[in-house]
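Student: I would like to learn how to read a protein model. Could we go through some features one at a time?

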Amino acid sequence: MKLLWLASIIALLVCSTASTATAQIASEGSIRGFIKDEQGAALPGVSLSATTPQSSTSFTAVSDSQGFYRLVNLPPGIFDVVAVLSGFAKFERKGLEVRAEVNIQVDVVMKIGAIEETIQVTGESPMLEVQKTTQAINISGEFQRSLPLSSRRVWQDALDLTPGIMSRSTDQFGGSVYFLRGTENENHVVQVDGVDAGSFRQNWPGQYLGLSSEALADIQIKTAGVDAAAPLAEGMVINIATPSGTNQLKGSLSVVYTAIAWNGNNTPGGTPVVSRTVQPDLALGGPILKDKAWFFGTFRYTNRLTGVSRSSTLLDNLEALVPGFEPFNNKGRLKFASLKGTTQWTQNHHFQVTYQRDANVEETNFQVNGANVDVTALGGAAYGTRLASVWGDRVTTRILVGYNDKSNNSSFNVFDGHLGNGPSRPVHTSSFISAGRRTGSGRIALLDNLETRTLGPASKTTVSADLTYFKPAGWLGSHEIQTGMYLQPRLRHATTAFYSNDGFALEEVALRDPNNPAAGVVPFHRRYYGVPSINTLQLHARDNAVYVQDSWKPSARLTINAGVRVDWIKATDAIFDLDTVDDVAVGPRVGSNYSLTSDNKNLVRASYGRVGDVPNSSYIGSAGTSVAGIRDEYDNDLDGTFESVFVTPGSSRVSQNRRIDPDRRWPWVDEMLVGYRRQLPGQMTFDVSWISREYRHRPALVEVNGIYDGGVFRGYQDVSQNEINLVTDNEWNSFVYRGLEFDVTKRTDRLQLIANYTRARQHVAGTWQPNDPASFIQPEAFPNNRGLGTIRGNVTNSLSGTADTRNPMWEDHQARFGAVYFAPWSLVVATNFSVQSGPYSGPVVTRIAAADPRFGPSTVTLSNGRVVSNPLATTIRFAGKDRGDKQIKAPYLNVINLRVGRNFGFGSRRLETAFDVFNLLNAGTDQQFFDGGNQLYSSNYAIRDDKFFGVNRQPPRQGQFTVRFTF
């Protein structure tokens, strides 16, 4: 926080000096172009100004010796541009729309005449980015508020319109999670007015950042071709531009209401994901000091009840296993607030302060939970200050300082009222012995308690600065050279685990009669932790980057972008006092835009970039696990005696179950893009692009303690430990994505729409990582071109039965459509339609009758007398000729939403009313595989009676009423 206040003081001092010019900063766009007379000669010295109702700040520029001008730092809005030069008639162009982080080109032709004479030029506003090769989409707050995207009406609904995105409802938090071209839900960066508001623990968009829908002016979502100044992220780089206050006091008040009775039922015999919501929003903005300083603030309160998706089978199981079971829902009370202050003490310096806070305490029970024992608090505060300055006609600068403490359960008080009794008791239909241990066939219920509860406070500090220098001519064309630094010197995450029932935290059970849950259960596995609670992680990290890039324009139609970003990423596990990663990641970027026509309405583009992943705690990892030590007891013969005991020693600085590879690389994606864009008549655009991505050096854990002699397991080298995993990067295999994307947009006063389609293919390249049991047992089964698993990596045993089963990011087809029509008589009709082809199950596995003796006995006694299980004595095998063969594909997920509303005008005031219907057809697709859904031997196998059997059914048909008053 000291850094924040120091930056604010420096910025205010700088505001007292300096002069004019340009620079594009986060969340702002620009208007640029050439000014000529009627004979085509360049006109230097032309004074330009841009004004918009969305801001009381003035924006000016002067054309250079080549007649080129740049109006920069423009907030999203509709601008009028005026150009003035002695001896020429005044030029005026109205209705130019500027979007967040988009550069549009508007060339000016001035006619000789008196300056009092005005030449008004009309025409369609340019819609295409002319400077960068970035693959991005912009969604305005107005458009999003008018669309029936989801009943939650959260900012991340905009992601449901983004090309290349796979999304589904969560089975725990409600709402949705988002995956981009093979990435995970946490591989994204989320900024609010340029301030990094993502959690260092896990960069989920939405869950850690809550905003009122009134806080949305424009959202830009970058999905490919990012430049060197963009923060590291293999996924999306999302920038939310919030509104600014003006000299006029303005605001809004809205309420969203959904009644339980307005929900349908798409889960016969079970419990659907019903919703009851009361959600008021308030926004107010205006002057602090007229023409100098302004504010804009928002607040949202959400009182929400969300149903838990239980199929009839799941519900029958719970009713049989839990006496007197009554289905319960998840409840939440959420508060979101934001405040933004902007100043312009001089014409050339814009200073901004941003504050955002959310408090999200919500019950998060899964569909198998037999008791209301799960609750989570996500969120925290984000602060930021930013100064953008113009120095003469060639130099611009930006300085930003930000801090956030977005966390997961920052206090144990979160769990009050949700603590269960006894150990956690996962229930399986049946069990079997593999590698000397009795193993469950896939849980069908979770009784009594959770095994662990965790506190995970986290924080992130960001300091960035850049300088842009414009060279109008002389070096084979014009250049915009930018250099800067992006520093995150203090990234922190701590985790404390609380084990239930004083350390006896887990007792796995199986049905006494697999066909009759009411017959009771038989325990077969118990787990004891050495202590009731322990600090399991203290991660201290940093990512400090510098970059330089040039936007070179050798001709009026061609722009070539080249740059490089260098990040020094270092992380230390403070518990073990060991560095878990210390790498310098070099990311070159190159791309070009070429206009096929002089009106800049037909553009081809191509780019290549190496982009590192966003630093977050879940990918950095720790230097040790199971710090408390674990004692696992198994009743392998089901006689009531737990005769098989396996001890996993705790880690310490002396004896660790992990080792750190000193040459570990930070993960990156190599990306290539080729595309064509065209602006069509009627404010319409068309874009087609081909994108190739290869995910390299994903996080990996390689087992290095085992003794494998000719494919036979002999024991462990260090007999004080079991498996010892080398924390490293995966140099043995990589995930490859190829996709073809089509995108259409239209934006007029009457009709706004976004439509896109993606066709994707994927495969894994390379070979097994060392000592993966599958590499000994089924080495020929490596290929996979369907569900590849997660880029989180860290898979040590591909034959575990649960490996590579997380696949919501690998889907073949996605189509999305959203449109709003502002009809006569102030009627509003809107719809949202999406189709996704469904994820894959991951490798399908089967089970053989007994372990293969060629790989050694089921257990091995070490020299110190400890008995350990043989990882090669598994009875699990891939069912197909390779890992891609025989995979199951979930059904298509179809969603149709509809809105009908009417607006009422009262002078400068307006009342908006609407009724939305979500999932109009009451479709009922299960979006996920159940535990064991890929296991042929499991009662939870995904195909049952030739039908798909899964969990997390999409929410049923829901009605919702919205009223919004603006003034």
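Tutor: We begin with a definition: a residue is called buried when its relative accessible area is under 20%, exposed when it is over 50%, and partly exposed in between. For example, Asp-567 and Arg-565 are both buried. Their side chains also meet in a salt bridge, with N to O at 2.8 Å. Keep in mind throughout that this is a predicted model.

Student: What is the mean pLDDT of the protein?

Tutor: The term pLDDT stands for the predictor's confidence in each residue, from 0 to 100. The mean for the protein is 92, and 96% of its residues reach 70 or more.

Student: Where is confidence lowest, and where is it highest?

Tutor: The lowest mean, 38, belongs to helix α1 (residues 2-14), while the highest, 98, belongs to β61. Across residues 1-25 pLDDT stays under 50, and the model has 67 contacts beyond four places in sequence for that stretch.

Student: How many helices and strands does the protein have?

Tutor: There are five helices and 61 strands.

Student: How does the radius of gyration compare with that of a compact globule?

Tutor: For 967 residues, a compact globule would have a radius of gyration near 30 Å; the protein has 29 Å, which agrees. Taken along the principal axes, the box filled by the C-alpha atoms is roughly 105 × 60 × 50 Å.

Student: What share of the residues is buried?

Tutor: Buried residues are 62% of the 967 in the protein.

Student: What share of the contacts joins residues 24 or more positions apart?

Tutor: Among contacts with a separation of 6 or more, such pairs account for 73%. Gly-402 gives a case to look at. This residue lies in strand β23 (residues 395-404). Leaving out residues up to four places away in sequence, Gly-402 touches Val-195, Tyr-383, Gly-384, Lys-460, Thr-461 and Thr-462. The C-alpha atoms of Gly-402 and Gly-194 are separated by 9.0 Å, although the two residues are 208 apart along the chain.

Student: Why does Gly-402 count as buried?

Tutor: Gly-402 counts as buried because its relative accessible area is 4%, and the cut-off is under 20%.

Student: Let us return to salt bridges. How many are found in the whole structure?

Tutor: A search of the whole structure finds 46. One of the pairs is Arg-99 with Asp-218, whose side chains meet at 2.9 Å, N to O. Arg-99 is in the loop between β6 (90-98) and β7 (103-105), and Asp-218 is in strand β15 (residues 218-224), so the pair ties together parts that are 119 residues apart in sequence. Arg-99 counts as buried at 15% relative accessibility, and Asp-218 is buried at 1%.

Student: Which residue forms a salt bridge with Glu-912?

Tutor: The partner of Glu-912 is Arg-964, and the closest N and O atoms are 3.2 Å apart. Glu-912 lies in strand β56 (residues 909-918) and Arg-964 in strand β61, so this pair ties together parts that are 52 residues apart in sequence. Both Glu-912 and Arg-964 are buried. Salt bridges may also be linked: Glu-184, Glu-186, Arg-792 and Arg-806 are in a network of them.

Student: Which residues make the nonpolar surface patch of about 510 Å²?

Tutor: Leu-249, Leu-284, Phe-904, Phe-906, Phe-965 and Phe-967 make that patch. Phe-967 is in the segment after β61 (958-966).

Student: Is Phe-967 buried, partly exposed or exposed?

Tutor: Phe-967 is partly exposed, because its relative accessible area is 35%, between the cut-offs of 20% and 50%.

Terms used. Residues are numbered from 1 along each chain as its sequence is written. This is a predicted model: local features need pLDDT of at least 70, side-chain atom pairs count only at pLDDT 80 or more; totals for chains, interfaces and linings use all residues. Side-chain values use heavy atoms; hydrogens and water are left out. Helices (H or I, at least four residues) and strands (E, at least two) are DSSP runs, numbered from the N terminus. Buried means under 20% relative accessible area, exposed over 50%, partly exposed in between (1.4 Å probe, protein chains only). Contact means heavy atoms within 4.5 Å. Patches are made of residues with over 30% relative accessible area and no salt bridge: like charges are joined within 9 Å, nonpolar side chains (Val, Leu, Ile, Met, Phe, Trp, Tyr) within 5 Å. Accessible areas come from the Shrake-Rupley method with a 1.4 Å probe; for residues, only the protein chains shown count as cover. A salt bridge is a side-chain nitrogen of Lys or Arg within 4 Å of a carboxyl oxygen of Asp or Glu. The radius of gyration is taken over C-alpha atoms; the globule rule is 2.2 Å times the number of residues to the power 0.38.
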